[in-house]
Structures are given as C-alpha cells and as structure tokens.
Amino acid sequence: MNMSIINNMRHLIYLFVFIPFIAFAQEAEKERTQITGKITNDVGGDIQLIIDKHYIGDNAEVEKIAVIDGAFTHAYSETQARWTKLRYNKQSIEVYLEPGDELNLEFDANDIENTVKLSGKGSGNNKFWQAFSAQEFKKLSASELKDKMKTDGIDAWEIFLFDQKRSFK
C-alpha cells in the first residue's frame, strides 16, 4: 500500500476517535450560586447546607456556613439544579437552587419553616414549592403520593407540576 494512503487512513482514524472525545467530554460550565440570609433571634452556631448530589441519600455533602451577627453568606460553583437542605437550630428546610441563583432567606431561629421569607434570583421556584407542598402534600400521605406516582406514572406527575407552576401567582 502506498505510504500516503496509510497516513491518510491514520489521520481519518484519529479524526473519528478523538473528535467525539473533544466534542462530548467537555465539562459542564459551572456557575456561581449564592445563598445569603438574616436570622432573627440568632442562637449562635453554624448553618449546615446538606447537598445530596446523587438524590439517593448516601454521601451527602455537608457544608458549614458561619453565622456572624445573625447573617450568613455562602457562594459556590454548581453545574446543575439541586435540592439542598438548610439546617439551623435543630430545624431544617429544603431549598431548590439552580446554577446562578442568588437566593436570600430571612427567618426566625425559633420557627424557620413558618417564618422564612425568600427573595432574590431563585425565590420564585422556592415560593412555588412552599405553596404547592403546603397545599398538595397535606392531601396525601407519603405512601399515597408514592402509589399515585406508580399508578399515574412520572409523566403525568410532571405535567401536573408544570401546570401548577404555570398557574402559580
């Protein structure tokens, strides 16, 4: 075989082997996500952010955030939306954070769940979730919700959630 044909074939092989790696192996771009807040009746101690990156309850990352004079701030890089548990004073709430969010929380240390006020980028999703869960999750128990999802299917559940979000004021 002619040497130039072999070289051309070698270049084609390199092209077919390495182009997919270059095109698809790029890491998703991380965006700065920030969570800040003000605590009334601060009792001291740190806030814990519990981030379960795999949604299975194992190996959740716990990040401690210092509370100084009743205020806290934490910024980190993120590539995807995540549910994050915020724990303080033996209480916790869940917040939904997307890359680029700048969520601000204000709450009373003695009753976080019922006093939390949300503002900033990302607050709309969290306000919807608060209202939706207060309304819908009170109707059904956890086992009833699970059975409903198994019976109706995840697509029906997602459509229901999307419709609820769209009609949320």
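## Aromatic rings

Rings of Phe, Tyr and Trp (its six-membered ring) pair if their centres lie within 6.5 Å; planes under 30 degrees apart count as stacked, over 60 as edge-to-face and the rest as tilted. By this rule, F72, Y88 and F107 form one aromatic cluster. The model is predicted: local features need pLDDT of at least 70, side-chain atom pairs count only at pLDDT 80 or more, and totals for chains, interfaces and linings use all residues. Residues are numbered from 1 along each chain as its sequence is written, and side-chain values use heavy atoms, with hydrogens and water left out.

The structure holds 4 aromatic pairs. One of them joins W83 and W129. This pair is tilted, with 5.0 Å from centre to centre and 55° between the planes. W83 lies in strand β5 and W129 in helix α3 (residues 123–136), so the pair ties together parts that are 46 residues apart in sequence. Helices (H or I, at least four residues) and strands (E, at least two) are DSSP runs, numbered from the N terminus.

How accessible are these two residues? W83 counts as partly exposed, at 27% relative accessibility. W129 also counts as partly exposed, at 27%. The classes are: buried under 20% relative accessible area, exposed over 50%, partly exposed in between (1.4 Å probe, protein chains only).

## The mixed sheet

Strands of a sheet pair through backbone hydrogen bonds, either parallel or antiparallel. Two strands count as paired if DSSP finds at least two bridges between them. Here, 4 strands form an open sheet. Their order is β4-β1-β7-β8, and the pairing is mixed. Strands β4 (71–78) and β8 (117–121) stand at the edges. Each has a single partner strand, so one side of each is left without a neighbour in the sheet. The twist averages 15° from one strand to the next. Such angles use axes, which are lines fitted to C-alpha atoms, for helices over the stretch in contact; angles run from 0 to 180 degrees between N-to-C directions.

Strands β1 (residues 31–40) and β7 (residues 102–108) pair in the parallel sense, over 7 bridges. In β7, N104 is the bridge partner of T36.

## The antiparallel sheet

Another open sheet of 4 strands has the order β3-β2-β5-β6. Its pairing is antiparallel. At the edges stand β3 (61–65) and β6 (91–97). Each has a single partner strand, so one side of each lacks a neighbour in the sheet. Neighbouring strands are turned by 25° against each other on average, direction ignored.

Strand β5 (residues 82–88) runs antiparallel to β6, and 7 bridges join them. Y88 stands opposite Q91 in β6. Y88 also belongs to the aromatic cluster with F72 and F107.
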